[in-house]
Amino acid sequence: MVRKRPKLEPRYEINVSLKAWDIARAGAGVTFKIRDHDGLLGTIEIGQGTFGWKRARGKKGFKRIPWRQFSEAMERL
């Protein structure tokens, strides 16, 4: 007899906002809002020139990281 596995609740929820018509314009790009069960964790903003991260409860704006620096950081992982 085959046992059914219990349905798992998703750990995270990601809302995507996409402005594809003019990605070269400042402020255009892709925005991801990352949430878990407790609420918003932060926001990722990806544009033509940079990758940005903003904490949900941070007082500062986006921390901008150039693509080359982001690539080097991911290679170290």
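**Close-up views of a predicted model**

View 1. Tryptophan 53 is partly exposed, its relative accessible area being 31%. The model shown here is predicted. Tryptophan 53 sits in strand 4. Together, Tyr12, Leu41 and Trp53 make a nonpolar surface patch of about 290 Å². Residues in such patches need over 30% relative accessible area. Tryptophan 53 has 31%, so this residue passes that cut-off.

**View 2. The whole chain, for orientation.** The protein has 1 helix and 5 strands. Read from the N terminus, the order of elements is β-β-β-β-β-α. Of the 77 residues in the protein, 16% are buried. The accessible surface amounts to about 7100 Å². Carbon and sulfur atoms account for 54% of that surface. Take the contacts between residues at least 6 apart in sequence: 9% of them join residues at least 24 apart.

**View 3. The salt bridge between glutamate 45 and arginine 64.** How many salt bridges does the structure hold? The count is 1. Glutamate 45 pairs with arginine 64, and their closest N and O atoms are 2.9 Å apart. Is arginine 64 buried, partly exposed or exposed? Its relative accessible area is 45%, so arginine 64 counts as partly exposed.

**View 4. Phenylalanine 51 against tryptophan 67.** The aromatic pairs in the model number 3. One of them joins phenylalanine 51 and tryptophan 67. The partners come from distant parts of the chain, 16 residues apart. Phenylalanine 51 is in strand 4, residues 50-55, and tryptophan 67 is in helix 1, residues 67-76. Tryptophan 67 is partly exposed, at 30%.

**View 5. Phenylalanine 51 against phenylalanine 70.** A pair of aromatic rings is described by the distance of the centres and the angle of the planes. Why is the pair of phenylalanine 51 and phenylalanine 70 called stacked? The planes stand at 20°, so the pair counts as stacked; the ring centres are 4.4 Å apart. The cut-off for stacked planes is under 30 degrees. Phenylalanine 51 lies in strand 4 and phenylalanine 70 in helix 1, so this pair ties together parts 19 residues apart in sequence. Phe51, Trp67 and Phe70 form one aromatic cluster.

**View 6. Arginine 11 and its contacts.** Arginine 11 lies in the segment before strand 1 (13-18). Its relative accessibility is 66%, so arginine 11 counts as exposed. Which residues does arginine 11 touch, leaving aside those up to four places away in sequence? They are Arg35, Asp36 and His37. Arginine 11 and arginine 35 are 24 residues apart in sequence. In space, their C-alpha atoms are 8.7 Å apart.

Note on methods
Residues numbered from 1 in each chain as written. Predicted model: local features only at pLDDT ≥ 70, side-chain atom pairs only at ≥ 80, totals over all residues. Heavy atoms only, no water. Helix = DSSP H or I, 4+ residues; strand = E, 2+ residues; numbered from the N terminus. Buried < 20%, exposed > 50% of the residue type's maximum accessible area, 1.4 Å probe, protein only. Contact = heavy atoms within 4.5 Å. Areas by Shrake-Rupley, 256 points an atom, 1.4 Å probe, with all protein chains shown as cover. Salt bridge = Lys/Arg side-chain N within 4 Å of Asp/Glu carboxyl O. Phe/Tyr/Trp six-rings, centres within 6.5 Å; stacked < 30°, edge-to-face > 60°. Patch = residues over 30% accessible without salt bridge, like charges linked within 9 Å, V, L, I, M, F, W, Y side chains within 5 Å.
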